[in-house]
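Hello,

Here is the structure I promised to pass on to you. Please have a look at it first, and then read my notes below.

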Amino acid sequence: MFIIYHIKLDIAVLLALLSAGLIKNSLEQFTVITLGMIFGDFILTLFIFHRLPLELGDFELYDMWLLTFIICRVFSEAANRGYQRMKQYFVK
């Protein structure tokens, strides 16, 4: 069970682990995380909270985006280096 008691942090970590596990290229990870955060904020603002005029993004969204991207890159690089070392170990 994966529960962190701060919901924004939970979303950021889960999104980072999913994108790092599914996408290898850093530019594609950046694009997917950015578009996912913008689309999620759009859905929450327009359809759930019914706020008009539409305001996308705030400091919390930027912090969550930055945290997600950093966690994603760290996890992706660690997994990539671990894979390369295991490959070198078993090839010898």
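**What I found**

Arg 73 and Glu 77 both sit in helix H3 (residues 59-91), and because they are 4 residues apart there, about one helical turn separates them. Their side chains meet in a salt bridge, with 2.8 Å from N to O. Glu 77 itself is partly exposed, at a relative accessible area of 31%.

Please keep in mind that this is a predicted model.

Stepping back, the protein has 3 helices and 0 strands, and its elements run α-α-α from the N terminus on. Its radius of gyration is 16 Å, well over the 12 Å that the globule rule gives for 92 residues, so the protein is more spread out than a compact globule. Along the principal axes, the C-alpha atoms fill a box of roughly 60 × 30 × 20 Å.

Buried residues make up 22% of the 92 residues. One of them is Ser 19, which has a relative accessible area of 5% and lies in helix H1 (residues 7-22). Which residues does Ser 19 touch, leaving aside its neighbours within four places in sequence? They are Gln 29, Ile 33 and Cys 72. Across the protein, among contacts with a separation of 6 or more, 61% come from residues 24 or more positions apart.

The protein has 8 positive and 8 negative charges, whose mean positions are 19 Å apart.

Enjoy exploring!

Best wishes

Terms used:
Residues are numbered from 1 along each chain as its sequence is written. This is a predicted model: local features need pLDDT of at least 70, side-chain atom pairs count only at pLDDT 80 or more; totals for chains, interfaces and linings use all residues. Side-chain values use heavy atoms; hydrogens and water are left out. Helices (H or I, at least four residues) and strands (E, at least two) are DSSP runs, numbered from the N terminus. Buried means under 20% relative accessible area, exposed over 50%, partly exposed in between (1.4 Å probe, protein chains only). Contact means heavy atoms within 4.5 Å. A salt bridge is a side-chain nitrogen of Lys or Arg within 4 Å of a carboxyl oxygen of Asp or Glu. The radius of gyration is taken over C-alpha atoms; the globule rule is 2.2 Å times the number of residues to the power 0.38. Lys and Arg count as positive and Asp and Glu as negative; His and the chain ends are not counted. The place of a charge is taken as NZ of Lys, CZ of Arg, CG of Asp or CD of Glu.
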